[in-house]
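Please look at the structure below.

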Amino acid sequence: PISNTEGDLLFLLDSSASVSHYEFSRVKEFMWDLLQPFTFGPRDVQTSIIHISTTPTMEFPFDRHPSSGSLRQAIRDTRQLMGDTNTGKALSFAKEKLFSGEAGARPDVPKVLVWVTDGFSTDDISEPMQLLKDMGVTVFIVSTGRGNYLELSAAASQPPDKHLHFVDVDDLPIITKELQDGIRGRLARGCGHWDEVFCRGTNRLCQELLSSFPGMECSVPAPQTPHHKGPCQAAAAASASLCLELHPHSHLSSFLPEEISPAQVLISESGPRSFHVSWAPTLDSVMGYQVLYGPLPGNSVKVLEVDGRHNSTVVENLAPNTTYLVTVTAIYRSGKEKSLSAKACTQE
């Protein structure tokens, strides 16, 4: 067991009706696998679960289960609530409980939030998530293959290649060790004041100021360059079981009525090392498009720039028999953006 760790670890569990019973059970197994190496107790790691549903609900407080045996049974006994996916409400509730003595939280230890999501929310998450991060909470996000990269990379702690994972629900074990290491790094004793996200002295506020948009390039203050170099990358690990899946997401909260592109994305002419990406509609108000693509599983993203007058491009130099996550982002002359994600498979 990992005994040299201390902190409050909160799981935000999607318990809504958008998650199947099978997916819910697999996520519970994943949570227990993540927790197995840690030692629990008032001077070690404490953990709690908050359900995302119509109304957020705490499954058990941080100080309820000081042993791995009782904690494992509590996770097994956790039942899905169904209802709406009100993640924003759950995040506000989480902020209250992560700093609440009544919930068993401790005032002077690191705080880590692990949000496991199917990629959808019926309310806004950006403001409550930012409030959590401003209070020093480190946010890891695991999306079971259906979230929009740009939205979730803005929600996760920076840099996203360390804090954001895309993975099919059946492939969650792929990322268990990496996520365990990430959590352990935030909860390790002797890491200085707990609002520093990185134990090696990287200040959280510096990391929060990193910009991932629009070209995924991060500007890094000189002292931090050993810890974060080059382009931000999408942390991705996922499924080869689904070849095309479309999900509209806007990472800005409001649009003018004409800002509706891309409304659909089509993957076609798939070969071993390339595929064709097209989208619609094309509008005069769009200045240009960015096509981001990266293999699943993997942790790299490449960007293609496309003129706003065109509505397609060919993505080349790909690996055969591989699933890719593709995000098409329209950049409007107004400065606003809209994104749509799809999955594509290359041929054998």
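Helix H4 covers residues 126-134, and its Pro 128, Met 129, Leu 132 and Lys 133 are buried (under 20% relative accessible area, with a 1.4 Å probe and protein chains only). Seen down the axis of H4, these buried residues fall within an arc of 140 degrees, so they line one face of the helix. The arc is taken from the directions from the helix axis to the C-beta atoms. An α-helix has 3.6 residues a turn, so residues three or four places apart point the same way. After H4 comes Gly 136, with a positive phi near 95 degrees.

The model is predicted, so local features need pLDDT of at least 70, side-chain atom pairs need 80 or more, and totals for chains, interfaces and linings use all residues. Residues are numbered from 1 along each chain as its sequence is written, and side-chain values use heavy atoms, without hydrogens and water.

Now take the partner of H4. The axes of helix H3 (residues 87-98) and H4 come within 8 Å and cross at roughly 20 degrees. That makes H3 roughly parallel to H4 (an angle under 35 degrees). Gly 88, Leu 91, Ser 92, Ala 94, Lys 95 and Leu 98 in H3 meet Pro 128, Met 129, Leu 131 and Leu 132 in H4, where contact means heavy atoms within 4.5 Å.

Another pair is H1 and H7. The axes of H1 (residues 21-35) and H7 (residues 173-187) come within 9 Å and cross at roughly 45 degrees. Phe 30, Asp 33 and Leu 34 in H1 meet Ile 175, Thr 176, Leu 179 and Gln 180 in H7.

How values were computed. Axes are lines fitted to C-alpha atoms, for helices over the stretch in contact, and angles run from 0 to 180 degrees between N-to-C directions. Helices (H or I, at least four residues) and strands (E, at least two) are DSSP runs, numbered from the N terminus. Buried means under 20% relative accessible area, exposed over 50%, partly exposed in between (1.4 Å probe, protein chains only). Angles under 35 degrees count as roughly parallel, over 145 as roughly antiparallel, 65 to 115 as roughly perpendicular and the rest as oblique.
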